[in-house]
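Let's take a walk through this fold together.

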Amino acid sequence: MVSESQLQAKRPVSASLAGPYGHPFHPILVTVPIGAWVASLVFDIASHVVHRPGFLTQGSQWLIALGVIGALPAAMVGFLDLFAIPAGTPAFRTALVHMTLNLLVTAAYTVNFLWRHSTCTDGGSVGLGRLLLSALSLAALSVAGFLGGKLAYRYGVRVADESTQAEGYTPDISERDARSAM
């Protein structure tokens, strides 16, 4: 039996801003910062391998900026999804930790960008401190992503209820008739 609080967490606060029922915008928006930040760490590591790393160092810096910019709409839409979860529940507490980690990661990447931007680039590889900050930020992002998965796949936040999901597993009438004819 689905409780009223479970149904509340499945419905958008604002379908035009957060995405319609059963199709939230938050999961698609988070792909931009995640992809940019993963690629920036790859560029950071690669800057220690190639002969002339300046292009990788600069590329990494701008990928970090792209991730920070992309995190803003993802956070806003995620915040709307948070409003749908009833306070005082394990799902709400998980969502608060998820949000807090993501905000800390975004702040860390903002600091990382400013740190890189404030120093003159000599065309060399990314400094160890900046690389370490990126790696630690990505590790924290992974924990936040795990919690986001828990919200969706364990607690069903913004996921269509079981009766709606069952529509995808009910054979079409024509398929049922074809099977019975065999």
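In which hand, left or right, does α5 pass α6? The crossing is left-handed, a label used when the near helix is turned anticlockwise from the far one by less than a right angle, with clockwise giving right-handed. One thing to keep in mind is that this is a predicted model, where local features need pLDDT of at least 70 and side-chain atom pairs count only at pLDDT 80 or more, while totals for chains, interfaces and linings use all residues. Residues are numbered from 1 along each chain as its sequence is written, and side-chain values use heavy atoms, with hydrogens and water left out.

Back to that helix pair. Two packed helices are described by the angle between their axes and the distance between the axes. Here the axes of α5 and helix α6 (residues 90–118) come within 9 Å and cross at roughly 155°. Those axes are lines fitted to C-alpha atoms, for helices over the stretch in contact, with angles running from 0 to 180 degrees between N-to-C directions.

Now zoom out. The protein has nine helices and zero strands; helices are DSSP runs of H or I with at least four residues, strands are E runs of at least two, and both are numbered from the N terminus.

Helix α5 spans residues 54–83 and holds D81. D81 counts as buried because its relative accessibility is 9%. Its C-alpha lies 8.1 Å from that of V157, although D81 and V157 are 76 residues apart in sequence.

What about charge pairs? The count comes to one salt bridge, defined as a side-chain nitrogen of Lys or Arg within 4 Å of a carboxyl oxygen of Asp or Glu. R116 and D44 form it, with their closest N and O atoms 2.8 Å apart. This pair links distant parts of the chain, as R116 sits in helix α6 and D44 in helix α4, 72 residues apart. R116 is buried at 5% relative accessible area, and D44 is buried too, at 0%.

Helix α4 covers residues 31–46 and includes V42. Together with I34 and V38, V42 makes a nonpolar surface patch of about 220 Å². Patches take residues with over 30% relative accessible area and no salt bridge, joining nonpolar side chains (Val, Leu, Ile, Met, Phe, Trp, Tyr) within 5 Å and like charges within 9 Å. Areas come from the Shrake-Rupley method with a 1.4 Å probe, and for residues only the protein chains shown count as cover.

Terms used
Buried < 20%, exposed > 50% of the residue type's maximum accessible area, 1.4 Å probe, protein only.
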